[in-house]
Amino acid sequence: MLSNIRVVLVGTSHPGNIGSTARAMKTMGLSNLYLAEPRVEPDGQSIALAAGASDILKNLTQVDSLQEAIADCSLVIATSARSRTLDWPMLDPREAGIKLSAQSVDGPVAIVFGRENHGLSNEELQKCNYHVAIPANPEYSSLNLAQAVQIICYETRVAHLAQEQAGIAVEQEAYPLSEDLERFYVHLESTLTKTGFVIKNHPGQVMIKLRRLFSKARVEASEMNILRGILTSIDKKLDK
């Protein structure tokens, strides 16, 4: 199951952080590292700081965007500070670890870490099902990238070991993959534009709020199919 848990680094700008992340992952039994639109390539410094986890660097996957990195994942959790402007479903690290471990039984899941200097963009954060905030000291909450990775990977391993020790197969509902969710949002916006509910040149915050609504609801794959069917029926009526 741990091999289904994907650590995604977005826009990484320091090669040493890539190596330190590999080390943090390997100590917790995770091995699946993705680099999305990295600004640097792993180098000698990465290998040195990996400290024996160079196999993770050797086998990492590099892609051009966050969407490409998470397309086949049914659960995506983004690390983020709490935001008043983007009120997304929030988890603490322990809750994130439990969800990642439980859902990895059925296929790929991802935990996403943003750029060293300014994290993830709002658009990137909206592509994730949940956000996780590490409750660091508010007077000094500066964690480096590898430290944040270590904390989440640790909580994921603890949850995995507890699940393994209990010997109970966790039954998960089938959730849509990230790429299927994106297709749904495109379809939803298209239909709402046709009805006039969304004004094409002035969409406002409607789609952001609808993304948040469906993230909170955690719609299952079968429910998503019903929603797509409803949109298609509306499209057919409008086309007539």
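**Ground rules.** I'm working with a predicted model, in which local features need pLDDT of at least 70 and side-chain atom pairs count only at pLDDT 80 or more, while totals for chains, interfaces and linings use all residues. Residues are numbered from 1 along each chain as its sequence is written, and side-chain values use heavy atoms, with hydrogens and water left out.

**Salt bridges.** I found ten of them in the structure. One of them joins R6 to D72, with the closest N and O atoms 2.8 Å apart. These two come from distant parts of the chain, 66 residues apart: R6 sits in strand β1 (residues 5–10), and D72 in the loop between α4 (66–70) and β4. I take helices (H or I, at least four residues) and strands (E, at least two) as DSSP runs, numbered from the N terminus.

R6 is buried, at 4% relative accessible area, whereas D72 is partly exposed at 33%. My cut-offs are under 20% relative accessible area for buried, over 50% for exposed, and partly exposed in between (1.4 Å probe, protein chains only).

Next I went to R211 and E182, whose side chains meet in a salt bridge at 2.9 Å, N to O. R211 belongs to helix α9 (residues 206–217) and E182 to helix α8 (residues 178–195), 29 residues apart. R211 is buried at 13% relative accessibility, and E182 is buried at 13% as well.

**Cavities.** How many cavities of 30 Å³ or more does the structure hold? I got two. A cavity here is a set of points, on a 1 Å grid over the protein atoms alone, where a 1.4 Å probe fits but cannot get out; lining residues have an atom within 4 Å of a point. Grid points are joined across faces, edges and corners, and a volume is the space filled by probe spheres set on the points.

The largest cavity holds about 120 Å³ of space. Its lining has 14 residues, and N129, L181, Y185, F214 and S215 are the closest to its centre. Helix α8 gives the most to this lining, with four residues. By class, I noted six nonpolar, four polar and four charged residues there. (Ala, Val, Leu, Ile, Met, Phe, Trp, Tyr, Cys and Pro count as nonpolar, Asp, Glu, Lys and Arg as charged, and the others, Gly among them, as polar.)

The second largest cavity has about 30 Å³. Its lining includes C73, K127, N129 and L181.

**One last residue.** I ended on S80, in the loop between β4 (75–79) and β5 (90–91). S80 is buried at 18%. Leaving out residues up to four places away in sequence, S80 touches M90, L125, H131, V132 and A133, where contact means heavy atoms within 4.5 Å.

Note on methods. A salt bridge is a side-chain nitrogen of Lys or Arg within 4 Å of a carboxyl oxygen of Asp or Glu. On a 1 Å grid over the protein atoms alone, a cavity is a set of points where a 1.4 Å probe fits but cannot get out, and a pocket is an open set with protein on both sides within 12 Å along at least five of seven lines; lining residues have an atom within 4 Å of a point.
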